[in-house]
Structures are given as C-alpha cells and as structure tokens.
Amino acid sequence: MSIQHLISIDREAKLSIDTGRLKITFQNAGETHFIAACDIAVLILANPCISLSLSVYQELAKNGAVIITAGEKYMPCAMSVPVGVNIDGSRRPFLQAKQLHSEAAGQCWAQLLSSKVSGQALVASAFAPELAERLKLIAKHIEPGDKECREAQAAQLYWPEFFKSLDNPIDFRDKQGATDPVNIALNYGYAVLRAIVARGLAGAGLCLNFGVGHCRKDNPFNLADDFIEPFRFLADRAVYQIFRDNQPACFDKEVKKQLLSALLASTITITGKTYRLFQGVDFAVNSYCLSLQDTRRKLLLPNLPARPGKAPDAFLWQATQFPYETQ
C-alpha cells in the first residue's frame, strides 16, 4: 500500500502533472518538487496565487485525493471529493437510503456519539481526571438516536474545562467566526479530519448526502459529519498539547504545521489494536459498510471496548477503491 501524504501549500506556486506525479514549482524560490499522485491523500491550497491545471484535479481525483481550498485565516472554504470506483459501491447508496430515519440509523448514531464522548474523556484525562470519569459514564449511557441529548450534556462539561486548562479568553466552542487561536486551531483540525473521512467514505462508494445523525438537506457531507465524530478527539488532543507546551499567541503557519504533523502522527485504538489515522478511518468506514448489509453488526470505532470474537478485515474494499492506487 502506498504512503499517504497530506500536503499543504501556503505560498505562490504552480501545480501540474508530470508522468503521474504532482509537480510543485515555487518560481520565486526556484524550487521544484515531485510527489506521486497515488501517494497524496489530501492537498490543501492556502494561497490565492496558486495556479493549477484541470489535469491536476483529474489525476488526484483518479487516485482518491481530496483537494481543500483554504481562505481567510487558513480556514477551508471548499472541498473537492473524488468519486470512488468500488465493486460494491453501486448498491451501497440504496442500502443507505433504506436505513434513513430507521432504528438501525439511530443505533449507528449512538455508537458514533459514544465513541466521540469516550475520545473526549481520553483528552480530558490530561487536565481533569474527575471529568474524564464522568464523560466515560455518559458515553456508556447514550441511547439510540441520543434522545436524552447525552452528547450535549458531555459538551457542556467538557469544553469549559478544556479552555480553562489552556487559559483561553473564550471558554466555549466557536464554530464560525472564531477570533481566539484555540478555536481557530480546532476548526482547522476538524476541517482536515472531515476531508480525510470524506475521502474514505467516497472511496467505499457511499453517498455522503445520506447521514445517520446529520440529515440536513442542504449539506452534501452529512455522512462525513457523522463519521468525523469519533475522530474529533485527535484534533482536540493535538491542539491541547500544542497550546499547553508552546502557548502560541495566534494561529499562524507554524501552529498549522505542528497541528498537521500531530494529526498525521496520531494513532487510534480500535478493538484493542492500534492503527494510524488513515487506517483507522478505513477500518471504521468498512465496519459501516458491513453493517449496511447486516444491521446486527456494530460499528468498529476508536476508544470503544473490544468485543469478543474475530474482528472483520478493515480493508475488504480497499484493493478496488481507486483503479490506479498503488497497493
């Protein structure tokens, strides 16, 4: 399997395709770099003076890469997701449609939220051990569909303590229009994770419009917004460590670089085994694909207790995910 790279370009550059490789030319610095298109998972374009041809989009999409366009304060404003080629992908959207607003969808949503709150507990153990225990208890009692809003209760406990531990001037999550560096860093980290999750879902032939918890008609990434939930703790943990150790005054290129490096170096525990970020996402997505065929199957997600028995292969579909991906 090829190595997966996340590339962020934040200065003037010209991008083109050269014999299956992405050619990045920094004319002002006289630099030229090459990287195989099949090794690119996410490409972030964060400078208005970047130019690229349609062939760049075509080649990267063919190899399953997501392209993010970043705007002001490095915040992503657009995302291009490839259409995966998968032998089972043509029927999965029909299975998804059958499960919309069903009991099975409610059970999936509860598992996703339980994994999310368990991840928050893992992060909270570094600055508030008692809070971590309360979050673990909440995670165990999330019901199908989260009718009692356990996730919201966990958030009300978690975020004030998170920001307090970093001496942040704002003690609440600001999802849009954030001005404090911690919230800006969190928003950026979540956007990158969303792109990685969307890539995995699209590669499995799933329809991103059909979510299990997020069901907005004007959101083309409902399913990605569902499956980012178990992985949010990775951004939380990275942001906490960066701001605890270095105390940066603003979200700049250096913080962005540290955050991307931390996310790519992250490990995830699923069913008692440790995976890198991209492998963990693939594992979770594959378990969802299997649950569409048999609703008795549970999702395999980070930080949830391992179940007895043999775990299914996380990469049943990966060999046919994209026709030109290096194996």
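This passage looks at the overall make-up of a predicted model, then at helix α9 and its packing against helix α8.

Taken as a whole, the protein chain has 10 helices and 10 strands. Of its 327 residues, 53% are buried. Contacts between residues 24 or more positions apart make up 65% of those with a separation of 6 or more.

Helix α9 spans residues 253-264, and K256 sits within that stretch. Despite being a lysine, K256 counts as buried, because its relative accessible area of 3% falls under the 20% cut-off. The side chain of K256 has a partner, too: a polar contact of 2.9 Å links it to the side chain of S8.

Then there is the neighbouring helix in this picture, α8, which covers residues 232-245. The axes of α8 and α9 lie 9 Å apart, and the two helices pack at an angle of about 135°. That value is between 115 and 145 degrees, so the pair comes out as oblique. As for handedness, α8 passes α9 in a right-handed crossing. On the α8 side, the contact is made by L234, A235, A238, V239, I242 and F243, while α9 brings in V255, Q258, L259, A262 and L263. Sorted by class, the contact of α8 with α9 comes to 10 nonpolar residues and 1 polar residue, with no charged residues.

Terms used
Residues are numbered from 1 along each chain as its sequence is written. This is a predicted model: local features need pLDDT of at least 70, side-chain atom pairs count only at pLDDT 80 or more; totals for chains, interfaces and linings use all residues. Side-chain values use heavy atoms; hydrogens and water are left out. Helices (H or I, at least four residues) and strands (E, at least two) are DSSP runs, numbered from the N terminus. Buried means under 20% relative accessible area, exposed over 50%, partly exposed in between (1.4 Å probe, protein chains only). A polar contact is a pair of N or O atoms within 3.5 Å; within protein, one must be able to donate a hydrogen and the other to accept it, and residues adjacent in sequence count only if both atoms are side-chain atoms. Axes are lines fitted to C-alpha atoms, for helices over the stretch in contact, and angles run from 0 to 180 degrees between N-to-C directions. Angles under 35 degrees count as roughly parallel, over 145 as roughly antiparallel, 65 to 115 as roughly perpendicular and the rest as oblique. A crossing is left-handed if the near helix is turned anticlockwise from the far one by less than a right angle, and right-handed if clockwise. Contact means heavy atoms within 4.5 Å. Ala, Val, Leu, Ile, Met, Phe, Trp, Tyr, Cys and Pro count as nonpolar, Asp, Glu, Lys and Arg as charged, and the others, Gly among them, as polar.
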